[in-house]
Structure formats: C-alpha cells, structure tokens
Amino acid sequence: MKMKKTLYDKIFDSHVIKKYKDSYLIKIDRMPGHEVTSAQAFSDMELNKRTPWNINQLLFVEDHNTPTDGGYDSITDANSKKQIDTLRNNINKYKIKKFYPLSDDGNGIVHVVSTETGFILPGTTAVCGDSHTATYGAVSSLAFGVGTSEVSVVLQTGVLRVQKLKNMRIVVDGILNSLVTPKDVILYIISKISTSGGTGYAIEFAGKVFEDMSVEGRMTVSNMAIEAGAKVGLIASDKKTIEYFSGRKFTPSGEEFKKFSEFVMSLKSDDDAVFDKEYIFYADDIEPQVTYGTNPAETVGISKKIPDNSNESSLEYMGLEVGEKISDIKVDRVFLGSCTNSRIEDLRMASKILKKINKKQHKDIKQVLVVPGSMEVKRKAEEEGIDKIFKDAGFEWRNPGCSACLAMNNDIMPSGEHIASTSNRNFRDRQGKGARTHLVSPIVAIIAATYGRFIIPKEILK
Amino acid sequence: MKKFKDKTYLNVAVWEKENVDTDIIIPSDYLKVIKKDGLGNYLFDSMRFIDDGQLGKLSKDRKKNKDFFLNLDIYKDAEVLIVGKNFGCGSSREHAPWAISDYGFKVVISESFANIFYENSFKNGLLLIELKKDEIKYLMNYYNKEEKKDKIYIDLENQIIKAGNKEFSFEINEGKKRYLISGLDEVGNILEEMKGEIKKFEKEQEKKYPFLYNVNN
C-alpha cells in the first residue's frame, strides 16, 4: 500500500533533487525579496563572480525601510537610502524583471504582493529573507523564511539543502462568532501551544474553521505560524484557492488554468495521513484576543484580566499589573496594517465596523495609522470608498509598506504609549523604543480607535 | 565561511532569560546595513545600553547598563553564551548571528533554539549547542556571576563539553558539523556537484507542471 502523505510531505517530496544522509537538496521555485535582507546575498554572489540562477524565479519589492507618506526623496535616513540604492543597483545589474520599488503601481509589502500577483502559486516551494514567508502556506505553497546566507544560496543555485520538518496538525472545529477573526484564532492557538510549540514542525491548519475561512483570512493565520515557532504553516487548497488565483498577473490562463485547478484540488493531506503531533481546539472557546505581554503567546480574551502567572518583566515593560482588566487598558495609538492584516478584506472588515460604530477617532487617541498592504489594495479600497470612511473618522490613510510593524521607517511609536496594533509581534521595542504593543484584530483595533480602550466587540456591535 | 576551531577552551557568560527574540538580539534600527561586520557594537542594544544608539556609534562610546550580564567584569571577553530556552525566536534577520559572532561569541548553548536562527548561525560559523534542562541548569549555576571559573572545553569533532568536573555530550547534524569544521563554500559545492541535476530536475518540472513554471514570465 502506498504511504499516506501529509500536504507538507507531498510538496516536499515532489521537490527533492537529492537525498543525503540527514538532509535533502530541494528545488526552490520562487524567491521574493526586499531591501533589508538581500544586499549581503548579492555581494556574496558578486565576490564569487557568479550570477543569479534564474531571474524569473525572483521578485523584489521595497517595503521595510520605505516612507508611507512620500517617495524616494522623502527618505530622511541615509542608511535606509543606501540600502534601497543597493537593491536598485542589483536589480539593474542583473536585469531582474519583477521589481516593484517605492512609488511604483505594483509596490507593497512583499508577502502581500507575492500572492496578489500570483507569483506564489499553490504547490510551489518558496523562500524569502523574512520569517513571515510562512504566509504562503495559506495557499498551499511550501514556504519558509531564511536568513541572508540561504537567500544567497537560492539566488545562485535555485536550491537549498534542508532537513525535513516533522508534521503537526492543528484542528479548529466549529463556527466562529462573527466578531472573532482569523487573527484571534491564531493568537489563541499560539497562547495554547506557546511561542516554541511549533519549533521543528510544519504546521497544517485544518478543520471547519479554516475551511470556512476566506483565503485572505487563512493568510493571516499562516503568517503567524512562525510566532508559534513553526517555519511552515500550511492549509489545504480548495475551490476558494482556485478562485483566488483566477485572473492574477502571473497565474496561468485559459486551458492551462483548468489543469492548474485540477492540480490545486489535489493539494491536501491524505485522509489517513499520520501527524507527529496533533491539537484540537474549538471555535466556541475563542473570543477576540488582546496581547498584554512581550511575546505573542502572552494573550488573553478581551473579557479577561491579566493572568496571575504572567511574566513579571513583560508586565513591567508593558506598564501593566496582574489582575488588571484588559478593558481598562487605555490605548494611545492604533496601527492598522502589516503583512498580517493589511489586505483588502482586513480593510473592508475594519471600515464596516467603523461605519456601524459611527464614531470618530476618540479624543485621547493620538494617531490612527492605516497602511494598506499594497498599491493594489490601496486602489481597491479607494474604489470602494473605504479610504473616505477612515479619513472622515480622522484616521491617516497612507501608502503601503511594513511601516509601524517594525518601525524601520519614520512610523515609529513613542515610548510608554499603548498601541493597538494589527501586526504580528509585540516584542520589546519592536514598534519603537519603549512602545507597548497590543496585538489585536482589525475589529478590536477600530473599537480602540473610536472608544480609546479595548471593549468586548459584542457589547457595542449587536 | 570562517572555520570553527575544533577542541578549544573558551570564556563563558550566562544569561538566564528565556525567549530572547532576534529583535532583542539586534533591533531593527541596525538592519540598515549592506555589510555584515561591526554589528557586535549593537548586540542586545536596548538592554545593554542606557542611551540611544545609532548605526556608526561604537559600543565604547555608549552609556552602559552596568547590571546587564555582558557588562559585568566577570563575563568580560566571553566567547560562549549560555542562555535560556527558545533563543533566537521571531524575525529571520541573519543580522542576529552576525552581531553575536562580531561581538566575539563562538558558541551559544541553550535548551532550545528557534529554527531559522539555528540555520542562520551555522551558516556563519557560529556553533549552537542544545543541552538538556538539568545540564543547562548545572552550567548556569557553575558559571554564575559571583565567582570567576575556568574556561569551558568544547570538542566539536567528538561532540563533548567539559565544565568543572562534568562532561556532557551533545547532538549535531553531521552535515552541519562538517560544514563548520571545513568552512566549506556551499554555493560552489552545489554548483560543482549538482548543476546538471538541478537543470534536469527543472526541465522535468516544466514538462509535468507547465502551469506552475511557464506562466507569464
């Protein structure tokens, strides 16, 4: 009998070129990249007088360092400018065609652009010098983050020597409450399995909750697999996946799309596939989440208090105390964006809630920064009048980029302030030195923006 | 890549903190570089220094947090870092191992490491060793900040550590070990041995899955 395979096994096995004693040489089909983790890879290549293996397998954007309120000339930081110049030189030198620089119509966050253009396709392997590469698992691409040395290897050889991960399945069953979002699901999962629970594993998210979820929602989940320690966060493909890729820039068309669709439907684990570890959670147990500490596992339901067993140094950094109610935390700023929650669906969700609440930015909220994931998302939002809803409430409507998620540009959050952020990491100093990040869903972020604090969504949105 | 010196005695520093993420190892301000060297100046920046740093400002010109483990006299010249579990979680930035190596560390020992950080470290000649909880506890206790101890002995070839009167063995992937000891050029090696195989594999892929590999490029 043929061995039953997990989705991870299927994609992995179909890319093995050579098996070594304790590792594999696998073909990497796609490598998206950005300005921060590529310079040293190109210079290594140059030093060895080599050239890229295949420029068709590459796509680059500028996103980490870039301003969200201006073009190249508005970059004030000389180091940022130098990094961007270096990328542009490399793009020109090696004639890389898929390049979406700052201010270009196709610009955006690498993980948003890579899927919305169809550069990443189901069943492919992909790496990127960025840990949130796990995002592509949502469309059944075996994708993971690597450091610059491995970027360099893939750039020059199109392959990578890797060890095979173990298989973990996380099932979430049931039906989510309408105000509980994919973000809440993944934060809840991380709180249950810890930030290292997924280390050494490829996670597959399965069960009714993910089947019911939109493709963009699945991306929010897979995106944060790394926050549970897993490099890979896969989800089986279905009709929604096929629909998602229909008509995108780099997706097949016509007769080829039919074959593609058939292939995509095969991207799931076999019924009796064996996982090394399995968890089952229930949708009913998940309420909107708010992180209170300095890692994504330090999260609780919005109706709860800060737990007794909280890490002292986390709470000290956050300026919070054990037993404090989450709903008593006063918020200073709101960031709606990042590769986790900046897709059109996130902005639609947020604007819909804002319209329902029908309130303006709360007087104590100093800033609400809305940063779409790409120019494409921005255009769509503007066509739908979403930008106007935000602007009318007093929010800032920006150009795409990583922005305040990691504050490498000028979107820096001030020390001591509490930030309701739809991003993925609440690490110390991540959004600015001393800034106190609370990771939340777009819905909770909008409520914080209009009420100045965290409120249980169902209390105001009946 | 630089070679790892096998069978060596090294100075130790201990930091008990768990879940040290790569944002702590090197904050994003310092990722705006196009070279790898000099990043040791900014290692653990926000905890190691009291003042605000910037690229180009050297550690000797900074105001140090005297309580931080790296600033303690007893851990001066440390080459081995013994640290709490899940070290290196979060961002994939290779600047983290670059900063650790550039500071002068050659080995990091912990109960566990994050996957991407683990791969990145070996690519830069930085040896990571995973030990069991009680072994880490012994080492943290032995090299505590109260009393200066002898150096730790690390034998990579035979996968042995000696400290005080104890000896521990550790597991390591054979490929990674060879890679560290030889300082091999990985890309050169792949191209030399596998170029034909890779090309052949790609041709087969294109034939089998044209809709994945021949699309609108």
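**Before the first selection**

This is a predicted model, in which local features need pLDDT of at least 70 and side-chain atom pairs count only at pLDDT 80 or more, whereas totals for chains, interfaces and linings use all residues. Residues are numbered from 1 along each chain as its sequence is written, while chains are lettered from A and ligands numbered from 1 in the order in which they are written.

**Stop 1: the domains of chain A**

Select chain A and colour it by domain: domain 1 covers 7-162, domain 2 covers 166-238 + 263-284, and domain 3 covers 289-460. Domain bounds of this kind come from an automatic or database domain assignment.

Keep domain 2 and domain 3 of chain A on display; their C-alpha centres lie 23 Å apart. Here 18 residues of domain 2 are in contact with 19 residues of domain 3 of chain A. Two residues are in contact if their C-beta atoms, placed from the backbone, lie within 7 Å. On the domain 2 side, the elements that give two or more residues are α6 (182-193) and α8 (215-223) of chain A. The largest share, six residues, is that of α6(A). Helices (H or I, at least four residues) and strands (E, at least two) are DSSP runs, numbered from the N terminus.

By class, this side of domain 2 of chain A has six nonpolar, eight polar and four charged residues. In this classification Ala, Val, Leu, Ile, Met, Phe, Trp, Tyr, Cys and Pro count as nonpolar, Asp, Glu, Lys and Arg as charged, and the others, Gly among them, as polar.

**Stop 2**

Select residues 16-19 and 24-27 of chain A. These are strands β1 and β2, which run antiparallel and are joined by three bridges; two strands pair if DSSP finds at least two bridges between them. The two strands form a hairpin, with four residues between them. Find K19(A): its bridge partner in β2(A) is Y24(A).

In what order do the three strands lie in the open sheet? The order is β1-β2-β8 of chain A, with antiparallel pairing. The edge strands are β1 and β8 of chain A, each pairing on one side only. From one strand to the next, the twist averages 20°. Axes are lines fitted to C-alpha atoms, for helices over the stretch in contact, and angles run from 0 to 180 degrees between N-to-C directions.

**Stop 3: two helices of chain A**

Select residues 39-47 and 148-157 of chain A. Helices α2 and α5 pack here at an angle of about 50°, with their axes 8 Å apart. The two helices α2(A) and α5(A) are therefore oblique to each other; angles under 35 degrees count as roughly parallel, over 145 as roughly antiparallel, 65 to 115 as roughly perpendicular and the rest as oblique.

Show the side chains of Q40(A), A41(A), D44(A) and M45(A) on α2(A), and of T148(A), V151(A), S152(A), L155(A) and Q156(A) on α5(A), which make the contact. These residues divide into four nonpolar, four polar and one charged.

**Stop 4: chain B and its sheet**

Select chain B, which is divided into domain 1 (8-182) and domain 2 (186-217). The C-alpha centres of these two domains of chain B lie 38 Å apart.

Next, display the open sheet of four strands in chain B, which has the order β2-β3-β4-β5 and parallel pairing. Strands β2 (12-15) and β5 (127-130) of chain B stand at the edges, each with a single partner strand, so one side of each is left without a neighbour in the sheet. Focus on β4 (residues 107-110) of chain B, which pairs with β5(B) over four bridges; V107(B) stands opposite L127(B).

**Stop 5: where the chains meet**

Finally, show both chains: 48 residues of chain B are in contact with 63 residues of chain A. The largest share of the chain B side, nine residues, comes from α7(B). By class, the chain B side has 19 nonpolar, 16 polar and 13 charged residues.
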